[in-house]
Each structure stands twice: as structure tokens, then as C-alpha cells.
Amino acid sequence: MPFQLFSKVALRVDLSSHKLQKGDVATVVEVHPGRAGQETGYSLEVFNAVGETLAVVTVPESQIEALTTDEVLHVRRLDVAAIAT
């Protein structure tokens with residue numbers, strides 16, 4: 001499923017190197033078409049609850065999913081050390 005620029009998506013996996021968890025919401029900021037036989041990739045920007053950038057990560061399409069109308073956003077505390085990295 002191709003995702004549009006600036007659409008909101010949810011992570012399908014933990015990205016522990018960035019202290020991100022499955023279900024965290026991110027914004028698509030770049031699309032990286034794969035070569036023949038390769039999966040499309042996406043650069044995502046992840047924000048904290050007040051809109052500050054926490055991370056920009058690149059993942060394959062299989063690691064993200066569309067948000068749906070039957071889901072509710074949730075706030076969780078992020079380890080302070082994650083912001084410095």
C-alpha cells in the first residue's frame with residue numbers, strides 16, 4: 001500500500017535504537033521507491049506530544065501501517081536520554 005507524503009502512519013515494529021515502539025505514530029516525509037525486487041522505503045518524522053521532532057527514521061513499507069478510524073492515540077513517556085541521541 002503506497003503511503004502519501006505527510007500522511008500519518010503507525011509503526012508495526014519497535015525501533016529500539018530510537019526508543020520508538022510498535023504503535024507510535026509518525027509522519028511520512030519522503031518516499032524511497034525500491035529497485036526491481038526491493039520494497040519501497042519511507043522516511044518518517046516522529047514528534048513528541050507538543051510537536052517537537054524526536055527522530056527521523058527510514059523504514060521499509062512492511063514496518064508501517066495506515067491509521068484507522070477505530071484507533072485511539074495514546075501518550076506515553078519517552079526516556080529523556082532518547083531526546084539527546
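R76 comes out as partly exposed, at 28% relative accessibility; here buried means under 20% relative accessible area, exposed over 50%, and partly exposed in between (1.4 Å probe, protein chains only). The model is predicted, so to speak of local features takes a pLDDT of at least 70 and side-chain atom pairs count only at pLDDT 80 or more, while totals for chains, interfaces and linings use all residues. Residues are numbered from 1 along each chain as its sequence is written, and side-chain values use heavy atoms, with hydrogens and water left out.

The partner of R76 is D24: their side chains meet in a salt bridge at 2.5 Å, N to O (a side-chain nitrogen of Lys or Arg within 4 Å of a carboxyl oxygen of Asp or Glu). D24 lies in the loop between β1 and β2 and R76 in the loop between β5 and α1, so the pair ties together parts 52 residues apart in sequence. Helices (H or I, at least four residues) and strands (E, at least two) are DSSP runs, numbered from the N terminus. D24 itself is buried, with a relative accessible area of 16%. Leaving aside residues up to four places away in sequence, D24 touches V9, A10, L11 and R76, contact meaning heavy atoms within 4.5 Å.

V75 sits in that loop between β5 (64–66) and α1 (80–84) too, but is exposed at 65% relative accessible area.

The salt-bridge count comes to 2. E65 and R12 also pair through their side chains (3.5 Å, N to O), linking strand β5 to the loop between β1 and β2 across 53 residues. E65 is partly exposed at 30%, as is R12 at 43%.
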